[in-house]
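Me: I have a model open and want to learn to read its features. Can you take me through them one by one?

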Amino acid sequence: MKKLYGSLVLLFLLSGLTQSVVAQPKMDIKTFQHNFGVTYPNQLLHHDFEFSNLGDKPLIITQVTTTCGCTAAVLAATTIMPSATSIVSVTMITRSPIKKSESATLHTNDPMRPKVTLAIEAMVRNLWSLSPSQYFVFPDLPFNEEKSITLMLENEDEKPFKILATSVIEPELSVSVGEFTGKGYPITVTIKAGTEKKYINDQVLIQTDHPKQPKVSIQVMGRIIGYIKINRNRVFFGSMRKGETKKIVITASMTDIESKKKLEIIEVQSDSTSITGKAIGTRGDGFLNIELTFTAPDKAGYTTGNLSLHTNIEEERVVTLPFSALVRN
């Protein structure tokens with residue numbers, strides 16, 4: 001009887017122990033990070049992280065998140081059965097030279113690992129170098145003037161390459177490529193000003209046959225300012241109360257400082273009755289002072305308009321200058 005009782009007690013304990021062991025998934029991953037090493041801009045990099053389910057219940061990946069839009073994570077499967085193996089492929093797009101670090105997070109039903117973060121990084125380096133500068137920066141150009149700048153394009157690994165094509169957007173710009181020098185190519189950008197005042201902010205796009213970084217982008221900046229140069233592109237009188245008056249002095253000069261023509265402002269007109277202007281003399285350096293007087297209107301809000309500076313210069317009789325002010329109660 002005692003033996004029977006003992007057997008029943010042992011059976012009861014074993015039964016309770018079996019019921020206490022609940023089936024659950026168990027995620028196992030070999031590595032949580034990957035370093036791509038040195039790479040170059042505009043590359044698509046990817047690495048496959050392998051993981052397994054060592055549990056006795058299906059492992060479910062409920063969600064995948066990444067740190068930025070330049071990173072993506074794609075699962076081979078969202079449900080991994082016990083003893084099965086799967087991968088998550090993490091990709092990263094390199095943009096500009098920088099040490100780039102991103103991550104992807106897997107959200108799982110594993111109670112011991114509800115979140116698993118996978119890190120990737122790369123040292124992005126620019127393959128191309130330009131001398132003597134990294135940019136084409138043109139001086140201010142009068143109307144109908146032409147100016148060229150030449151930079152030498154070379155690559156850091158000093159391997160021979162070919163330039164397949166070049167392009168720009170602004171119609172005032174043109175690009176020409178010289179003969180290969182043994183290290184690189186001379187790239188010449190020419191700006192030919194028309195009769196329109198404008199800023200030039202463009203990119204010279206160069207297509208090469210180099211496998212590491214086939215495309216090169218070089219910034220071009222310049223300004224077509226006409227024959228007369230104003231020290232401001234726009235006049236802002238700031239925040240003013242209704243009826244308040246404020247004066248601002250601007251300067252004007254010939255773009256060509258060696259010009260024999262003496263600049264005169266004959267009259268200042270405006271499309272707004274709130275502003276008036278007049279020339280008040282020439283500085284010692286030859287710049288002409290122009291005093292602008294703005295009286296805030298009775299209506300609150302953002303006020304804008306244009307000034308017309310009438311000159312004695314035949315090639316540019318009128319210079320237009322925008323102005324603005326914020327009128328408050």
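Reply: Start with strands. Helices (H or I, at least four residues) and strands (E, at least two) are DSSP runs, numbered from the N terminus. Here, Leu-326 is found in strand β25, residues 318-328. This is a predicted model: local features need pLDDT of at least 70, side-chain atom pairs count only at pLDDT 80 or more, and totals for chains, interfaces and linings use all residues. Residues are numbered from 1 along each chain as its sequence is written, and side-chain values use heavy atoms, with hydrogens and water left out.

Me: Is Leu-326 buried, exposed or partly exposed?

Reply: Buried means under 20% relative accessible area, exposed over 50%, and partly exposed in between (1.4 Å probe, protein chains only). Leu-326 has 38% relative accessibility, so it counts as partly exposed.

Me: Which residues make the nonpolar surface patch with Leu-326?

Reply: Patches are made of residues with over 30% relative accessible area and no salt bridge; like charges are joined within 9 Å, nonpolar side chains (Val, Leu, Ile, Met, Phe, Trp, Tyr) within 5 Å. Accessible areas come from the Shrake-Rupley method with a 1.4 Å probe, and for residues only the protein chains shown count as cover. Phe-236, Tyr-302 and Leu-326 make a patch of about 320 Å².

Me: How do I read a salt bridge, and how many are there?

Reply: Look for a side-chain nitrogen of Lys or Arg within 4 Å of a carboxyl oxygen of Asp or Glu. The whole structure has 11 salt bridges. One of them pairs Lys-100 with Glu-102 at 3.3 Å, N to O. Both Lys-100 and Glu-102 are buried.

Me: Which parts of the chain does the pair Lys-261 and Glu-315 link?

Reply: In this salt bridge the closest N and O atoms are 2.6 Å apart. The pair links distant parts of the chain, 54 residues apart: Lys-261 is in the loop between β20 (245-254) and β21 (265-270), and Glu-315 in the loop between β24 (301-311) and β25. Lys-261 is partly exposed because its relative accessibility is 41%. Glu-315, at 38%, is partly exposed too. Elsewhere, salt bridges that share partners join Glu-170, Glu-172 and Lys-198 into one network.

Me: Next, the disulfide. Which cysteines does it join?

Reply: A disulfide is a covalent bond between the sulfur atoms of two cysteines. The cut-off is a pair of cysteine sulfur atoms within 2.5 Å. The structure holds one. Cys-68 is joined to Cys-70, S to S 2.2 Å. The torsion about the S-S bond of Cys-68 and Cys-70 is about -75°, so the disulfide is left-handed. Cys-68 is partly exposed at 22% relative accessibility, whereas Cys-70 is buried at 13%.

Me: Last, pockets. What lines the largest pocket?

Reply: The search uses a 1 Å grid over the protein atoms alone. A pocket is an open set of points where a 1.4 Å probe fits, with protein on both sides within 12 Å along at least five of seven lines; lining residues have an atom within 4 Å of a point. Grid points are joined across faces, edges and corners, and a volume is the space filled by probe spheres set on the points. The largest pocket holds about 410 Å³ of space. Its lining has 25 residues, with Gln-213, Lys-215, Val-216, Ser-217 and Ile-218 nearest the centre. Elements giving two or more residues to this lining are β10 (128-131), β13 (163-167), β16 (198-208) and β17 (215-224). β17 gives the most, with five residues.
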